[in-house]
Amino acid sequence: RVPQVQPRAEELSELYRELSQHPGLSTACLGPDLTTQYGGKYCSLYTEWSQRDLARAENIKFCRQYLIFHDGGSIVYSGPAGTCSEIKDELLSRESPSGTLKAVLRKVPGKEKEKEKQFLEVWDQNRKVKSIDLTALDKHGSVYDDDQFGCLAWSHSETHLLYVAEKKRPKAESFFQSKAPELGTSDEDTGHPKKEDAPIKGEQFVYHEDWGETLSTRSVPVLCIVDIEGNSISVLEGVPEHLSPGQAFWSPEDTGVVFVGWWHEPFRLGLRHCTNRRSALFYVDLTGGRCELLSEDTRAVWSPRLSPDGCRIIYLENNVLGPHQQCSRLRMYDWYTKHTSTVLEAVPRQAWGEYSSGGVGQDSGGVLSATALITGAFPGIYCGALPGMCWAADSCRILLDTAQRSQQDVFVVDTATGTTTSLTADAPQGSWSVLTIDRDLLVARFSTPSCPPMLKVAVLPAAGHEAQIQWICLQDAPPVPGISWGIRTLQPPPEQEHPQYGGLDFDAILMRPSNGPTAQKPPLVVMPHGGPHSVFTAGWMLYPAALCRVGFAVLLVNYRGSLGFGQDSVASLPGNVGTQDVRDVQLCVERVLQEETLDASRVALVGGSHGGFLACHLIGQFPDTYHACVVRNPVVNIASMVATTDIPDWLVLLPPASQAPSHPSHTHDPNSLACRCLTETGLPYKPDALPDPAQWTEMLHKSPMRYVDRVRAPVLLMLGEDDRRVPPKQGLEYYRALKAQGVPTRLLWYPGNNHALAGVEAEADGFMNMALWLLKHLRC
């Protein structure tokens, strides 16, 4: 008799409601040190959390405060102060350097037919002291609140605020629009607009480029400064017109502004998750408007952070037009000597010693199988951004978190020597993230596949003694019962080794139910990640945890090319997308089915983005292995996608088939998907290059659409109407092809959602439909 997985939609919805209520921890800020009447030191810790509210169909934010008593070397006591309170309509907030003031960018709904307004507020410890209507002042467009360009930075003197906004666009009107003056009045009396505000005729339908996926309202950013005492706003001049500025902060002594500038010529490419866009660090002087280049102008840089002593700027750097995400360099600019040094280079391969036996996932009820890293091995830097506050008090060390194979750990980096020390090597294994460090008080987030995020605090030990760090849990989150997990490492067979990057291995995280009717031999759901240069780390993920609670084993595959395994692994995938990654996933599935007690007759694929691309390849190439499939915004036909994605540089221009190399490992394979660049296929991207007919044919030949006539597994497609990265017509094309083949298929269309399908309503509906689809077609 086939074991029964929970069959009813009511039970599924209740389970999802329960697990989706676990909040995520997003922000932490430490207040200034205070002294008790007995001489003890303490400070407040302000934290922001987010939670799905299914009834309101929105993500809500709330704050909670804690008190931390410390003696400078250790934490004496810590605990919550008061209850949670919801944060309403805040877009950005930032405390001043002294901690006595707080700036808040707030959105306010317009009255009747008015548009939404933006206000900049300044609060002291007891009241609101300023409220500036930015919309009414009409100096610029909407203020950027995203983490790509956006900032809200206090001057060191705490008299000015710096932010990024959309440049004010001249009003436009029809060629035929006219406004006759009233009889008996002069031109001055009619209120004719000033010359600089005069509408431009015939410009209302001109196309304005934007920065792509999730940044569709970002076109021409400008740096803006508020004089708090004088209640005035100015748009900073001096930024070259070919640059889009962002991630700005005040220079030492407030003489000017430091910012990252992204080149946008000949046209803008999608920027989200693309840390390979040409950009550099600049300084613009406030007095003369002079703009100075501070870094190399042939690289991609981001996340600049000024040291507490105001002497050094640390930042991350990648090669331009390489893989969209890769192992990054850590660079440092000395403000006074003008010298730039490399603190950490990209790591080709992580240093390995003997494997230690030891536990992965011990908090969740047992280890499935695992290998552990040697203490102190540094994998390289793979992160979208450095923490906003990352410098230790000595202005010599910085803190960062990075993927370390299939985990995420916290490291301290000595910028003088380039040495790295893990701060989580002896801590529970899972996913660690730095939230902030201030006066050597360190705040971090920790989670595992079976445990939602929790709040951890520690005091950073003195240099040379960092490994002695003691973590204290400030906000606990008990493990979700019924889930066990472990990490396994796989080695490709000799015939699948990369000819240039041999000896690479890869990981997979296997989650499985530890109790219930299917615990002995559960059906298997295989999830390859998107990217393709991304990684599953052993942290809390709602969908996999919920599927595991339903009764499925879940296999999260970090195929070769994933982040966290060294730059060699990243470099092995370009030119081999659609072959190497597909083979790695299939090898992992076959190995796990051999070695684990799983039901091989009930295996399904679930994937989004590049994971959806791989899923569509796998159900076509290995139709006997998979019995159901769910894909979100998949690439299925490269030839029809190249001209519509926001990142056309991911496409390789293949040589004609007659010129293609015969060895499959060297074939320029265009099976790249959103979130990756043209280099994936081994050739440089050229904005003015066009493929010839043979290359169009090769694109189609390398697409999952090639195998659609072999697909037998029922397929559920989920598409975001506003997806700029993988336009939804890709999924529609696959849907129609499957219907023509008689394959059971269903399509879900989500208005108002982009590539991530991250809207609360879409996410919840997507889980319910996914789970019911798998239960039905795996005969559960």
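Rings of Phe, Tyr and Trp (for Trp, the six-membered ring) are taken to pair if their centres lie within 6.5 Å, and the planes are called stacked under 30 degrees apart, edge-to-face over 60 and tilted for the rest. In this predicted model, local features need pLDDT of at least 70 and side-chain atom pairs count only at pLDDT 80 or more, while totals for chains, interfaces and linings use all residues. Residues are numbered from 1 along each chain as its sequence is written, and side-chain values use heavy atoms, with hydrogens and water left out.

By the ring rule, the count is 15 aromatic pairs. The ring centres of Tyr283 and Trp335 are 5.2 Å apart and the planes stand at 85 degrees, so this pair is edge-to-face. In the pair of Trp432 and Phe446, the centres are 4.6 Å apart and the planes at 40 degrees, so the arrangement is tilted. Trp432 is buried at 0% relative accessibility, and Phe446 is buried at 4%. A cluster of Tyr144, Phe149, Trp211 and Trp262 is also linked by ring pairs.

Eight of the nine residues of helix 3 (residues 542-550) are buried, so this helix is largely enclosed by the rest of the structure. Helices (H or I, at least four residues) and strands (E, at least two) are DSSP runs, numbered from the N terminus. In strand 31 (residues 483-490), seven of the eight residues are buried.

Note on methods. Buried < 20%, exposed > 50% of the residue type's maximum accessible area, 1.4 Å probe, protein only.
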